[in-house]
Amino acid sequence: ACMLCRRAEVDPDICGCKLEKQGLCVHVFCLFLANELFQQWDKNVGLMGFLPVDIQRTIERAAQKRCFVCGESGAAITCREMGCDRSFHLPCAMEGGCITQFFGLYRSFCWEHRPEQAVEAAPEENTTCLICLDPVGDRKSYSTMVCPACKHAWFHRGCIQGQAVCAGISRFQCPLCRDKDLFLMEMLIMGIRIPFRLPSWENSHAYVALSERHSRCDASECLCPGGREQAEEEGPWHLLLCCSCAAEGTHRRCSCLTNSTASWECDSCA
């Protein structure tokens, strides 16, 4: 089990992977979010830059604090609001309505002092989550969130967290209006963890196949001496893709298109 949250089985999307070294076992984000535990400039020392002696000291301090959510000891995270002493384990954060920010100073807040979405919006009757399609309720809340850009995209906290983990920092955006900058910053502040990596689907062979540009002439009779796969930058053997589906192509001459023709539609789309 992680020596900071004292859990062996947790959601890796929230707590991160386990690190084991010099008799210590901790989750990555339990380290980053723990009270008074600081990372060294050299990330190669200790556990990702956290010194073992500092980690051990943090574990001992946490043993004196009880989680206000589950009641067990070992709560290494305390609300950053001045004067608030509510402490909790990272795996208990969502159950307790807490927000942990996975960027910058890695701050944490209890249910009373957590940041709230400032955007003025309320879901219409029978509005459903854009991701799971289940109802989202009748107002903004800890578990019901809205896009700050379009104010029409509603989703559950758990659903948008799942999407963030799959999309990564480069592709994470509003599932409705596709806004990225405002949406991404808002989600980070509201405690959504967005991994700094490429989307998970870009590693799949299926995605690679889908992302490849169509590159052959599909005319019933291809007239090109070089064959259907030949494509030139201009002239009669310039390959045009269907402007609607991009799944079929033709050389200009094979479909009797002039050099001034800028677009073409295949028979299926036309």
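Me: What do buried, partly exposed and exposed mean here?

Reply: Buried means under 20% relative accessible area, exposed means over 50%, and partly exposed lies in between, with a 1.4 Å probe and protein chains only. This is a predicted model, in which local features need pLDDT of at least 70, side-chain atom pairs count only at pLDDT 80 or more, and totals for chains, interfaces and linings use all residues. Residues are numbered from 1 along each chain as its sequence is written, and side-chain values use heavy atoms, with hydrogens and water left out. Arg-7, with a relative accessible area of 18%, is buried.

Me: Which residue forms a salt bridge with Arg-7?

Reply: A salt bridge is a side-chain nitrogen of Lys or Arg within 4 Å of a carboxyl oxygen of Asp or Glu. Arg-7 forms one with Glu-72, where the closest N and O atoms are 3.8 Å apart. Because Arg-7 lies in the segment before α1 (12-15) and Glu-72 in the loop between α3 (52-62) and β3 (77-78), the pair ties together parts that are 65 residues apart in sequence; helices (H or I, at least four residues) and strands (E, at least two) are DSSP runs, numbered from the N terminus. Glu-72 is partly exposed, at 44% relative accessibility.

Me: In which sense do strands β1 and β2 pair?

Reply: Two strands pair if DSSP finds at least two bridges between them. Strand β1 (residues 18-21) and strand β2 (residues 24-27) pair in the antiparallel sense over four bridges, and Leu-19 stands opposite Val-26 in β2. In this hairpin, which has two residues between the strands, Gln-22 takes a positive phi near 50°.
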